[in-house]
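Have a look at the sequence and the structure, then try each exercise before you read its solution.

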Amino acid sequence: MFEGLVALVKGMLTTGREMTSPPVTYQYPEVKKPVPPRFRGRHELKRHENGLEKCIGCSLCAAACPADAIYVVPAANQDNERYSPGERYAATYEINLLRCIFCGFCEEACPTGAIVLEHDYELAYYDRRSAIITKEQLLVAPPKPNMGTPRVMPDPGNLYAAIPPIKGGTEPVNIVEMAKAKQ
Ligand code: SF4
Ligand code: SF4
């Protein structure tokens, strides 16, 4: 009988303690749980500061993907229709999230820092087709409305050739402009 009473008091104390301690639950979806800085969520295709797309359609990400989840079709940039620095851009870029294992190999393989696994973890969908995310869904918004792509560049012939940025480093350097400045 005495043991039962002790157990009851212990239980009531635990209940009382939990009632007065701050809640550990998140009122999702109104409140979202913060994720660690290195969390790998849904991918984004990034842009340069001038709004051009960082992706150059090289398909290295697709080659590195162990799940064969990435599909890239490159096309050539034109002077009056420029998407990215250099000669090519990704005309089609798709990721099949049903295949993706969020390993981050695509991010590591990308020479321009274009594909980045960000912190969005809300990846529910109602049908299989919706699990394939397209370039339009992946590409981030331009820094200003007039910096979107494709666009006509002011100086035809300039490829806006860029040295790929070092991860965590500075924006790429326009080597054509550098050559002009040295003359
Ligand atoms: S995170 Fe891994 S599995 Fe997913 S697309 Fe990138 S390389 Fe493929
Ligand atoms: S995301 Fe990077 S690796 Fe993939 S096609 Fe674009 S530039 Fe190449």
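Residues are numbered from 1 along each chain as its sequence is written, while chains are lettered from A and ligands numbered from 1 in the order in which they are written.

**Exercise 1. Find out which helix has the lowest mean pLDDT among the elements of the protein chain.**

Step 1: pLDDT is the predictor's confidence in each residue, from 0 to 100.
Step 2: For the protein chain the mean is 88, and 87% of its residues reach 70 or more.
Step 3: Helices here are DSSP runs of H or I with at least four residues, strands are runs of E with at least two, and both are numbered from the N terminus.
Step 4: Where pLDDT is low, the predicted coordinates should not be read in detail.

**Exercise 2. Work out the order of the strands in the open sheet.**

Step 1: Two strands pair if DSSP finds at least two bridges between them.
Step 2: The order is E2-E3-E5, with antiparallel pairing.
Step 3: Strands E2 (70-76) and E5 (132-133) are the edges, each pairing on one side only.
Step 4: Two bridges join E3 (residues 88-96) to E5, and Ile 95 stands opposite Ile 133 in E5.

**Exercise 3. Name the closest residues around ligand 1.**

Step 1: A residue counts as near if its C-beta atom, placed from the backbone, lies within 6 Å of the molecule.
Step 2: Of the 13 residues around ligand 1, the closest are Cys 65, Cys 100, Cys 103, Phe 105 and Cys 106.

Note on methods: Predicted model: local features only at pLDDT ≥ 70, side-chain atom pairs only at ≥ 80, totals over all residues.
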